[in-house]
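Please look through the sequence and the model shown below before reading on.

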Amino acid sequence: MDGSGKSTVGDLINDRLRERGRRVMYVTHPNSDCFWGRQELKFLHIDSTPATIMVIILYIIDVVCSLFRAKRHRKDYDDFVFVRYIMAVSYLPEGMVRKGYLVISKILPMPDVKIFVDVDGATAMARIEARSEDREAFEEVDKLDKVRRKMQMLADDGWYTVDNMKSPEHTAEQVDTILEKERENEGSYSPF
């Protein structure tokens, strides 16, 4: 969710994996390195139904481009960390969220490790306002709380939940616990 600290948690995961000597491809969405991601960023600041539809379409293209890049370079990396991947379906209208999640999870590769970074709408909004950037169309407390409820529903499908409403140290402890559990389960963190 916007303002949840997902990029901060993604950075932490990236750092922890690299500290272990892992080679990591780290991508945040919208991906400003991708043409489609840059176009998506433009539409995120427009509060209209057509703009929302464009954001959804461009987001899907952006993610698919990242997946093709990851697949093309899968031998160059041990792990692939994508910030904002399938959970973004929570921005769809209520009746489409679960269906969208099921469809996308059948079409796109599902990550071995899925992490939901959870905060309430008020906390997210405070962080958004502290960024001093133009607000995106979805960035209002009531909209964020609505998206959060949808994300919490989806997180029941085998997601780890990181409570990011406390201290950075608490968040880091949760991430370390998740990575340690996955390390014990071993295998690759890669969806490919």
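Arg23 sits in the loop that runs between helix 1 (6–19) and strand 1 (24–28), where helices (H or I, at least four residues) and strands (E, at least two) are DSSP runs numbered from the N terminus. The model is a predicted one, in which local features need pLDDT of at least 70 and side-chain atom pairs count only at pLDDT 80 or more, whereas totals for chains, interfaces and linings use all residues. Residues are numbered from 1 along each chain as its sequence is written, and side-chain values use heavy atoms, with hydrogens and water left out.

With a relative accessibility of 39%, Arg23 counts as partly exposed; on this scale, buried means under 20% relative accessible area, exposed over 50%, and partly exposed in between (1.4 Å probe, protein chains only). Apart from its neighbours within four places in sequence, Arg23 is in contact with Lys75, Asp76, Tyr77, Asp78 and Asp79, contact meaning heavy atoms within 4.5 Å. Of these residues, Asp76 is 53 residues from Arg23 in sequence, while their C-alpha atoms are 7.4 Å apart in space. A polar atom of the Arg23 side chain lies 3.1 Å from the backbone oxygen of Asp76, and a polar contact is defined as a pair of N or O atoms within 3.5 Å; within protein, one must be able to donate a hydrogen and the other to accept it, and residues adjacent in sequence count only if both atoms are side-chain atoms.

Arg127 and Gly3 are 124 residues apart along the chain, yet 5.6 Å separates their C-alpha atoms. The side chain of Arg127 reaches the backbone oxygen of Gly3 at 3.4 Å, and one of its polar atoms lies 2.5 Å from the backbone oxygen of Asn164.

How do helices 5 and 6 cross, and at what angle? The axes of helix 5 (residues 121–130) and helix 6 (residues 141–155) come within 8 Å and cross at roughly 125°; axes are lines fitted to C-alpha atoms, for helices over the stretch in contact, and angles run from 0 to 180 degrees between N-to-C directions. The two helices are therefore oblique to each other, given that angles under 35 degrees count as roughly parallel, over 145 as roughly antiparallel, 65 to 115 as roughly perpendicular and the rest as oblique. Gly121, Ala122, Ala124, Met125 and Ile128 of helix 5 meet Val141, Leu144 and Asp145 of helix 6. By class, this contact has 6 nonpolar, 1 polar and 1 charged residues, where Ala, Val, Leu, Ile, Met, Phe, Trp, Tyr, Cys and Pro count as nonpolar, Asp, Glu, Lys and Arg as charged, and the others, Gly among them, as polar.

Helix 6 also packs with helix 4 (residues 94–107), at an angle of about 35° and with the axes 11 Å apart. Here Glu94, Val97, Arg98 and Tyr101 in helix 4 meet Lys146, Lys150, Met153 and Leu154 in helix 6, and the residues of the contact divide into 4 nonpolar, no polar and 4 charged.

Most residues other than glycine have a negative phi, and most peptide bonds are trans. Arg84, in the loop between strand 2 (79–83) and helix 4, has a positive phi of about 70° although it is not a glycine, and Arg84 is buried, with a relative accessible area of 17%. His29 and Pro30 are joined by a cis peptide bond, with omega about 0°, and Pro30 is found in the loop between strand 1 and helix 2 (35–43).
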